[in-house]
There are 2 protein chains.
Amino acid sequence: MKLTSKGRYAVMALVDLARFDNINPVSLRDISLRQGISLDYLEQIFSKLKKNEIVKSIRGTQGGYVLNKNPNDIKLTNIFNAVDEKVKTVQCKKESKKGCNGKATKCITHNLWDELEIHINTFFENKSLKDLLNNNKETRV
Amino acid sequence: MKLTSKGRYAVMALVDLARFDNINPVSLRDISLRQGISLDYLEQIFSKLKKNEIVKSIRGTQGGYVLNKNPNDIKLTNIFNAVDEKVKTVQCKKESKKGCNGKATKCITHNLWDELEIHINTFFENKSLKDLLNNNKETRV
DNA sequence: CTAAACTTGACCATTTTAGTCAGGTATGTA
DNA sequence: TACATACCTGACTAAAATGGTCAAGTTTAG
């Protein structure tokens, strides 16, 4: 199971972006400063977000990033997939001698992890960026 | 977030144990062979399970381990806690300059991770060893 | 034409993971 | 009482993942 700071940063950055992109594109530098995330690291993350068409980039002076979709249509699943944070609890490789016990049958807890995976993914599929925005209105500057 | 093979092995081993401990204590050697888990690694894991009173040990020849509770009373939460697999999605250290943004306020996604944590823990709290046993009856040898 | 901002890819220190290894200690059975 | 079996403990470590940094660009507004 992977759920690390890369995914967390991606979400934080996108919430930040969603708040400020009404008029102008938002530069990574600004996000970096506001959220306390290394600029270089943000670049890696946004490169992936862009490939997955979650954001658009605008080059040149006064450039930056803009959401490519309505916040309501950006689910957390999309974000995590984009930055390679697959919520995978089992890696029972079909071929490998290792994993899933090295046997033909599923390991005895296989079903459990499948269930968990679904449980978590459901959570992420039902949460959009917009939900997070609403959630944070009260703490807004 | 941590959810790795140590927790997975712990659950696998306990399910195995629960199946065979009706009459005699079960040796780690047997579990190791059946589940394909290194004996030395199992010993580490069972040491923790014992400290947390999930299993009892019986020394000497023909010794081994036995469940210390009814399978119905052993929740997955207990198991994961025992082997230090805390399901923690946020580590916003209160003091540290890093974490939670280095600021006094919660980071903008703080609530989200709290929710997720609850979501996952609920899942684990509602699943007992007994559930897993039932779940595997069909594939039983 | 130049500074701001995006873009790419290589690199790396630290931490975690998933064990191994070596040496015990306890105890049932012959 | 010997001894094999099985528990018990702690140190150690190779490999992978994490969380970045660094360097060298390209693009475009002004």
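Me: Why does A:Arg34 count as partly exposed?

Reply: Its relative accessibility is 26%. Buried means under 20% relative accessible area, exposed means over 50%, and partly exposed is in between, with a 1.4 Å probe and protein chains only. A value of 26% falls in between, so A:Arg34 is partly exposed. The model is a predicted one, in which local features need pLDDT of at least 70 and side-chain atom pairs count only at pLDDT 80 or more, while totals for chains, interfaces and linings use all residues. Residues are numbered from 1 along each chain as its sequence is written, chains are lettered from A and ligands numbered from 1 in the order in which they are written, and side-chain values use heavy atoms, with hydrogens and water left out.

Me: What makes A:Asp16 buried?

Reply: A:Asp16 has a relative accessibility of 2%. That is under 20%, so A:Asp16 is buried.

Me: Why is the meeting of A:Asp16 and A:Arg34 called a salt bridge?

Reply: The term asks for a side-chain nitrogen of Lys or Arg within 4 Å of a carboxyl oxygen of Asp or Glu. Between the side chains of A:Asp16 and A:Arg34 the N to O distance is 2.8 Å, so the pair qualifies. A:Asp16 belongs to helix α1 (residues 5-20) of chain A and A:Arg34 to helix α2 of chain A, so the bridge ties together parts that are 18 residues apart in sequence. Side chains of opposite charge can pair when their charged atoms come close.

Me: How many salt bridges are there over all chains?

Reply: The search of the whole structure gives four. One of them joins the side chains of B:Lys127 and A:Glu115, at 3.1 Å from N to O. This pair crosses between chains, from the loop between α5 (110-125) and α6 (129-135) of chain B to helix α5 of chain A. B:Lys127, at 15% relative accessibility, counts as buried, while A:Glu115, at 30%, counts as partly exposed.

Me: Which side chain does A:Lys127 meet in a salt bridge?

Reply: That of B:Glu115, with N to O at 3.1 Å. The pair runs between chains, from A:Lys127 in the loop between α5 and α6 (129-135) of chain A to B:Glu115 in helix α5 of chain B. A:Lys127 is buried at 15% relative accessible area, and B:Glu115 is partly exposed at 30%.

Me: How do you know that the span of helix α5 of chain A agrees with its 16 residues?

Reply: Helices are DSSP runs of H or I with at least four residues, strands are runs of E with at least two, and numbering starts from the N terminus. The expected span is 1.5 Å times one less than the number of residues. For residues 110-125 this should come to 22 Å, and the end C-alpha atoms are 23 Å apart, which agrees.

Me: Why are the buried residues of α5(A) said to line one face?

Reply: The buried residues of α5(A) include A:Trp113, A:Leu116, A:Ile120 and A:Phe124. Seen down the axis, the buried residues fall within an arc of 160°, so they line one face of the helix. The arc is taken over the directions from the helix axis to the C-beta atoms.

Me: What makes the approach of B:Ser38 to DNA strand C a polar contact?

Reply: A polar contact is a pair of N or O atoms within 3.5 Å. A polar side-chain atom of B:Ser38 lies 2.3 Å from a phosphate oxygen of DNA strand C, so the pair qualifies. B:Thr61 has a polar side-chain atom 3.3 Å from a base nitrogen of DNA strand C.

Me: Which residues come nearest to DNA strand D?

Reply: Of the 27 residues around DNA strand D, these are A:Ser38, A:Gln44, A:Arg59, B:Lys50 and B:Tyr65. A polar side-chain atom of A:Gln44 lies 2.7 Å from a base oxygen of DNA strand D.

Definitions and conventions
Polar contact = N/O pair within 3.5 Å; in protein donor to acceptor, adjacent residues only side chain to side chain. Near = heavy atom within 4 Å.
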